[in-house]
Amino acid sequence: MNDLKNKQWPPTCSAALLHQRAELYQTIRSFFAEKSVLEVDTPVLSRAASCDVNLDSFTANLSNAAQSQRLYLQTSPEFAMKRLLASGSGSIYQIAKSFRRSESGRFHNPEFTLLEWYRVDFSMTELIEEMIELLMLCFSENLAFTTVSYGQLFQQLTGIDPHSASLDELISYASEQENPEAVNICGDSRANGLDYVFSQYIQPTLKKNLVYFVTDYPVCMAMLANISETEPKVAKRFEVYFKGVELANGYQELTDVKEQQERFQQELEERKSEGLEPVPMDMNLLAALEFGLPTCSGVAMGLDRLLMLMTDAASIDDVLTFPIARA
């Protein structure tokens, strides 16, 4: 019994926060019910995984007398939800558990909760407008917000055009800021270089009282997004930042199966070049795209981070019942 005294059995969040989470979920469900957006449920285990070099999937083994199969815990419900969209589900949303290895810290837990939704026949602009509406409802106040392009923000604060800058230029900029470690962190990836400069020198400068919708990302940073019809270097992707925290990631979704397969293959080749574990491409998603994904826009928002911002919590652990250290 003495051993039990040393166990971390209590939850890290308060009873009041348990109620706040429940109320948040009810607010979200009521919001989408009023808009006739269908709540769905999809498996967290899949025979395929995200090819993204920045995502590291947990694995599980399915074994019986007949077979042994490696499965992957979803990094988001995106692929399964797109299969539903192609089947004719209409606009859908999901509050889903998601899992990513190598993600732990103030804003990260390996197991986390996403709100992901897709709106058929919505442009990226229309989806942003709906997200503003939902955020104001969650915070019960009229939030100040701004929409700015990634290129405009990047060039304004660093003097670099992110749509044409080379990896060497980005590494040189970091070195000039006395951060020579960037060359090791970014490797051979231009996307990593852009992400490093943005996270280190742009994101910390964003005003805490503004919700930022940062739009029109470089193509190399948007594997699942459509490319702009007028700007071939620009992808229809947006990210949301509030109080210095990255809160959501959205796309006007790519529907071209050939283009998507080529992008997956590029990611797999990059994984190989970086010595990362190979993963199986999601052929079910590609089959759904070939059948026909409707024109749509989608966004994923971290609900644990949203609760952090709503409650002024210092760490994601403060809004979770049992973070990984106590799981």
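Q: Which charged end sits over the ring of Tyr217?

A: A charge counts as over a ring if NZ of Lys or CZ of Arg is within 6 Å of the ring centre and within 35 degrees of the ring normal. In this predicted model, the charged end of Arg237 sits over Tyr217, 4.4 Å from the ring centre. Local features need pLDDT of at least 70, side-chain atom pairs count only at pLDDT 80 or more, and totals for chains, interfaces and linings use all residues. Residues are numbered from 1 along each chain as its sequence is written, while side-chain values use heavy atoms, without hydrogens and water.

Q: How many aromatic pairs does a search of the whole structure find?

A: Rings of Phe, Tyr and Trp (its six-membered ring) pair if their centres lie within 6.5 Å; planes under 30 degrees apart are stacked, over 60 edge-to-face, the rest tilted. The search finds 13 aromatic pairs. Take Phe31 and Phe32: their ring centres are 5.1 Å apart and their planes meet at 80°, so this pair is edge-to-face. Both residues are buried (under 20% relative accessible area; exposed is over 50%, partly exposed is in between, with a 1.4 Å probe and protein chains only). Tyr150 and Tyr217 make a tilted pair, 4.4 Å from centre to centre with 40° between the planes. That pair links distant parts of the chain: Tyr150 is in helix α4 and Tyr217 in strand β8 (residues 210-218), 67 residues apart. Tyr150 and Tyr217 are both buried.

Q: Which residues do ring pairs link into a cluster?

A: Follow the pairs from ring to ring. They join Tyr150, Phe154, Phe198, Tyr217 and Tyr241.

Q: What is the strand order in the open sheet of 8 strands?

A: Start with the names. Helices (H or I, at least four residues) and strands (E, at least two) are DSSP runs, numbered from the N terminus. Two strands pair if DSSP finds at least two bridges between them. The order is β1-β5-β6-β11-β10-β9-β8-β7, with mixed pairing. β1 (38-39) and β7 (144-149) are the edge strands, each pairing on one side only. β7 and β8 run parallel, joined by 6 bridges. Ser149 has Thr215 in β8 as its bridge partner.

Q: What about the open sheet of 3 strands: which order does it have?

A: Read it the same way. Its order is β2-β4-β3, and the pairing is antiparallel. Here β2 and β3 are the edges, since each pairs on one side only. β2 pairs with β4 (residues 68-73) over 2 bridges.

Q: Which residues of helix α5 are buried?

A: In α5 (residues 167-176), Leu167, Leu170, Ile171, Tyr173 and Ala174 are buried. They span an arc of only 155° around the axis, so they lie on the same side of α5. (The arc uses directions from the helix axis to the C-beta atoms.) On the other side, Asp168 and Glu176 are exposed. The cover over the buried residues includes α4 (150-158), α6 (182-186) and α7 (190-202). Just after α5, Glu178 takes a positive phi of about 65°.

Q: Is Ser50 buried or exposed?

A: Ser50 is buried, at 11% relative accessible area. Find Ser50 in the loop between β2 (45-46) and β3 (59-63). Contact means heavy atoms within 4.5 Å. Leaving out residues up to four places away in sequence, Ser50 touches Leu55, Thr75, Phe79, Arg271 and Val279. Its C-alpha atom is 7.6 Å from that of Asp282, 232 residues away along the chain.
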